[in-house]
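Colleague: Please take a close look at how the parts of this model are put together. I would like one connected account.

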There are 2 protein chains.
Amino acid sequence: MTGQLPTTRRPTRQRTAIAEALSHSPEFRSAQEIHARLAEGGAGVGLATVYRNLQAMAADGEVDVIRTEDGEAVYRACATEDHHHHVVCRGCGLAVEVTGDSVERWAEAVAAEHGFVQVRHTVEVEGLCGDCARRR
Amino acid sequence: MTGQLPTTRRPTRQRTAIAEALSHSPEFRSAQEIHARLAEGGAGVGLATVYRNLQAMAADGEVDVIRTEDGEAVYRACATEDHHHHVVCRGCGLAVEVTGDSVERWAEAVAAEHGFVQVRHTVEVEGLCGDCARRR
DNA sequence: ACAGTAATGAGAACCGTTGTCAAATTCATG
DNA sequence: CATGAATTTGACAACGGTTCTCATTACTGT
Ligand SMILES: [Zn+2]
Ligand SMILES: [Zn+2]
Ligand SMILES: [Zn+2]
Ligand SMILES: [Zn+2]
């Protein structure tokens, strides 16, 4: 679908650090958060580099990116590279991955019904996780 | 669901102009676009005012707001105030409104399944409309 | 008309993000 | 290992959308 060009990327300390930091979080993180975390963790990485790599990873489908309510881009390394969606807790940010054939079919159908092609969709479910709900 | 406080809003020339401009477009428009359109249309409206009113309208559910791929907020006056979604053309911006009980149910179900409450969801379908597809 | 309150607008400030470009790193190749 | 071409990095400036500030203006009820 998306022209997967033979992306040649070089392994660098920075890229690894970013991927590493991301892989240890069950929550979506902003570029700035990653940058801060790496900074305090000793081995700092330039802010621009964090942005560039996160974008590259997202483009390669290695990580998922969604937009926060105020337009900030947040990233998350997902367990699977297959198409899926998230249920995100607006209290703690916890995100669980879910799949749903019914949504996929619905999106396709409703788009085709109106003559649209090359269809893509974004679906995000948001609420309060059990813990956060209890804590109120 | 969302506490609909008795929002007291005063009628002003600006507010009307914005609502008017918005109501005549089947496409999502950014605050800046609205501002520009109003400016060239003689009766100018301050940029800050455009932002404020669009936000207020969105909060009141009078208009829908979605985030463009690069994080820009775009607004659209919808035919119905009931809950619904859109299929947007990434070529020309044309947006058609759709409803889908199946998605609604799916969202509820999948959230509940993971112990989430106070669930909300965003669903946007995006592709190329017939015209734009032909034009390539 | 009058006072009280909400709304406006010009501009500054904010903040996430992207661009710049010289210096550093990686990868072939010899 | 030495060398050079190609990538990547990082400090910092610049950008663009959005929000803030606050003096001025427009509504509203009495
Ligand atoms: Zn939570
Ligand atoms: Zn999907
Ligand atoms: Zn189109
Ligand atoms: Zn829905």
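Modeller: In this predicted model, the domain assignment divides chain A into domain 1, residues 12-78, and domain 2, residues 82-136. Seven residues of domain 1 of chain A and ten residues of domain 2 of chain A make up the contact. The C-alpha centres of domain 1 of chain A and domain 2 of chain A are 22 Å apart. Between them, domain 1 of chain A and domain 2 of chain A bury about 640 Å², with 54% of that area on carbon and sulfur atoms. On the side of domain 1 of chain A, Glu27(A), Phe28(A) and Arg76(A) supply 47% of the area buried against domain 2 of chain A, more than any other three residues.

Arg76(A) also takes part in a salt bridge: its side chain meets that of Glu97(A) at 2.9 Å, N to O. By class, the side of domain 1 of chain A that touches domain 2 of chain A has four nonpolar residues, three charged residues and no polar ones.

The remaining topic is the contact between the chains. Here 37 residues of chain A are in contact with 37 residues of chain B. Chain A and chain B bury about 2900 Å² between them, 62% of it on carbon and sulfur atoms. Trp106(A), Phe116(A) and Arg120(A) lose the most area on the chain A side, together 23% of what that side buries.

Across the interface of chain A and chain B the rule finds two salt bridges; one of the salt bridges in the model joins the side chains of Glu126(A) and Arg120(B) at 3.7 Å, N to O. Twelve residue pairs are in polar contact across the interface of chain A and chain B. Strand 4, strand 5 (95-98), helix 4 (101-112), strand 6 and helix 5 (130-134) of chain A each supply at least two residues of the side that touches chain B. The largest share of that side, twelve residues, comes from strand 6 of chain A. By class, the side of chain A that touches chain B has 19 nonpolar, eleven polar and seven charged residues.

Notes
Residues numbered from 1 in each chain as written. Chains lettered and ligands numbered in written order. Predicted model: local features only at pLDDT ≥ 70, side-chain atom pairs only at ≥ 80, totals over all residues. Heavy atoms only, no water. Domains from an automatic or database assignment. Contact = heavy atoms within 4.5 Å. Buried area = accessible area lost by both parts, 1.4 Å probe. Salt bridge = Lys/Arg side-chain N within 4 Å of Asp/Glu carboxyl O. Nonpolar A, V, L, I, M, F, W, Y, C, P; charged D, E, K, R; others polar. Polar contact = N/O pair within 3.5 Å; in protein donor to acceptor, adjacent residues only side chain to side chain. Helix = DSSP H or I, 4+ residues; strand = E, 2+ residues; numbered from the N terminus.
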